[in-house]
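Biologist: I am new to this structure. Could you show me how to read its features, one at a time?

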Amino acid sequence: MSSRRSFLQALGLTGGAVAAATVSRVAMAALPEPVIQTSPDTMAPLLPSTGRPYNPVVTLNGWTLPWRMNQGVKEFHLVAEPVVREMAPGMKAHLWGYNGQSPGPTIEVVEGDRVRIFVTNKLPEHTTMHWHGQRLPNGMDGVGGLTQPAIQPGKTFVYEFVARRPGTFMYHPHADEMTQMAMGMMGFWVTHPKGKHPLIDEVQRDYCFLLNSYDIEPGSYTPKIMTMLNQNLWTWNSRMFPGIDPLVARQHDKVRIRIGNLTMTNHPIHLHGHEFMITGTDGGPTPKSTRWHEVTTDVAVGQMRQLEFVADEEGDWAFHCHKSHHTMNAMGHDIPTMIGVDHQDVSRRITQLIPDYMVMGERGMADMAEMEMPLPDNTVPMMTGQGPHGSVEMGGMFSMLKVRKDQKAGDFKDPGWFKPPAGTVAYEWTGPLAQPARQVEKVTPAQFEMSVRKPTGHTGH
Ligand SMILES: [Cu+2]
């Protein structure tokens with residue numbers, strides 16, 4: 001108790017804020033009312049009503065936390081709590097998050113702002129809050145045991161610092177991290193520049209989202225937190241395709257996409273139809289001399305990348321992680337490759353014993369996307385999403401950049417499917433076919449024999 005009190009006194013906080021550490025009813029009155037979001041939809045950008053003006057971001061399937069201005073300080077209230085997150089239509093997960101959602105709301109401030117964040121813990125175990133990438137006093141860094149005592153269940157802590165550097169950041173606990181991040185505790189933070197910045201361009205669309213992953217057995221609701229690498233749900237802001245909203249742009253808009261990775265593996269993020277440049281990391285804006293064009297950029301574990309391009313090509317452009325297993329939804333990991341195996345006879349005999357027996361993957365896995373098979377409750381199909389030409393055969397970390405001539409400025413609504421001009425869509429050839437050229441194999445098996453030398457101890461090293 002006394003250590004917590006002295007911690008808060010060391011922050012130079014008033015008596016009201018010190019009392020807030022014990023969350024009495026009276027003290028709670030001194031806190032900004034927590035704002036709770038129940039919808040997983042992409043919310044319209046939050047235009048700043050107080051403080052310095054800026055162009056707000058749009059959080060994919062998320063929202064921005066409103067603040068209260070208190071004598072020149074921006075005050076936010078985050079509540080760490082169990083939440084129910086709809087990860088895609090037909091599938092809900094029991095996660096831990098902030099203010100009703102996982103990830104938590106995006107926090108947007110302006111370079112130079114003094115920020116005070118109240119963090120209330122409504123979880124069954126202690127937590128802290130780490131402000132990833134920020135310059136701040138050491139005692140505000142949120143590392144449980146190292147820079148502060150943990151926030152016990154039912155308690156509220158106060159963090160206060162000046163957002164010194166503009167850029168793309170995130171927040172997450174630094175207490176029982178393995179559990180709390182596997183359960184979905186994380187959020188985005190954007191510090192906008194206070195004026196014109198030589199390395200930060202003005203853009204018409206500014207999107208952000210976090211890469212996260214879960215291991216939830218088909219038919220169940222709670223992530224298995226002990227899984228280190230074999231997660232089965234690959235998500236953007238705890239959503240998976242077809243539950244991820246498209247990123248919308250008006251043709252010729254300059255677009256910025258900010259991505260942070262809080263999974264346990266890297267994600268090569270790939271955009272179709274356009275080249276982009278990396279204009280920032282969690283270390284801040286990148287020098288112009290370091291920028292080159294890419295269509296795929298790797299976002300490693302714990303990193304953030306800010307990519308920018310002009311959306312000058314109309315259409316519905318795929319935008320996804322290039323690890324093909326990350327554009328799939330829940331599946332079993334122990335399925336053998338059956339391509340080329342004709343097991344009709346085996347199948348017929350098994351069916352006599354097990355009437356519902358089904359052969360998987362004889363021609364590849366695309367059949368799975370079309371298959372109308374019963375799924376356990378609370379499961380989305382492995383590969384899915386209907387497009388204008390059939391199944392998109394995607395899940396997980398997949399979305400679309402939808403570029404339209406007539407998309408209105410500030411309109412982020414899905415414009416529906418692209419209607420391509422006549423003569424610009426790949427089509428079936430029905431004329432005569434010449435014999436295709438093939439590389440002829442000139443090596444005979446006899447020429448290709450190998451002699452195998454077996455290990456004979458350590459001589460010769
Ligand atoms: Cu990936």
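Biologist: Let us start with the open sheet of four strands: what is its strand order?

Modeller: First the general idea: strands of a sheet pair through backbone hydrogen bonds, either parallel or antiparallel. Here, the open sheet of four strands has the order 5-10-9-7, and its pairing is mixed. Strand 5 (107-110) and strand 7 (130-132) are at the edges with a single partner strand each, so one side of each has no neighbour in the sheet. From one strand to the next, the twist averages 25°. Strands, E runs of at least two residues, and helices, H or I runs of at least four, are DSSP runs numbered from the N terminus. Two strands pair if DSSP finds at least two bridges between them. Axes are lines fitted to C-alpha atoms, for helices over the stretch in contact, and angles run from 0 to 180 degrees between N-to-C directions.

Biologist: What kind of model is this, and how are residues numbered?

Modeller: This is a predicted model: local features need pLDDT of at least 70, side-chain atom pairs count only at pLDDT 80 or more, and totals for chains, interfaces and linings use all residues. Residues are numbered from 1 along each chain as its sequence is written, and side-chain values use heavy atoms, with hydrogens and water left out.

Biologist: How many bridges join strand 9 to strand 10?

Modeller: Five bridges join strand 9 (residues 167-172) to strand 10 (residues 187-192), and the two run antiparallel. Take T168 as an example: its bridge partner in strand 10 is V190.

Biologist: Which strands form a hairpin with two residues between them?

Modeller: Strand 22 and strand 23 do, with two residues between them. Strand 22 (residues 384-387) pairs with strand 23 (residues 390-394) in the antiparallel sense, over three bridges. G387 has G390 as its bridge partner in strand 23.

Biologist: Which residues line the largest cavity?

Modeller: Its lining includes P166, G167, H192, R256 and Q306. Strand 10 and strand 14 (253-261) each supply at least two lining residues. By class, the lining has four nonpolar, four polar and two charged residues. Ala, Val, Leu, Ile, Met, Phe, Trp, Tyr, Cys and Pro count as nonpolar, Asp, Glu, Lys and Arg as charged, and the others, Gly among them, as polar.

Biologist: Which protein donors does the copper ion have?

Modeller: Donors are N, O and S atoms within 2.8 Å of the metal (3.2 Å for Na, K and Ca); water is not among the atoms, so sites may look incomplete. The copper ion has H267 (ND1), C321 (SG) and H326 (ND1), lying 2.0 Å from it. Along the chain, the donors follow the spacing H-x53-C-x4-H. H267 in strand 15 (residues 267-271) and H326, in the loop between strand 21 (315-321) and helix 5 (344-353), are 59 residues apart, and the pair links distant parts of the chain.

Biologist: Are H267 and H326 buried or exposed?

Modeller: Both are buried. Buried means under 20% relative accessible area, exposed over 50%, and partly exposed in between (1.4 Å probe, protein chains only).

Biologist: Which peptide bond is cis, with omega near 10°?

Modeller: That is the bond from F241 to P242. P242 is in the loop between strand 12 (233-236) and strand 13. S238 is also placed in the loop between strand 12 and strand 13. S238 has a positive phi of about 55°, although it is not a glycine. At 0% relative accessibility, S238 counts as buried.

Terms used
1 Å grid on protein atoms, 1.4 Å probe; cavity = no way out; pocket = protein on both sides within 12 Å on 5 of 7 lines; lining within 4 Å.
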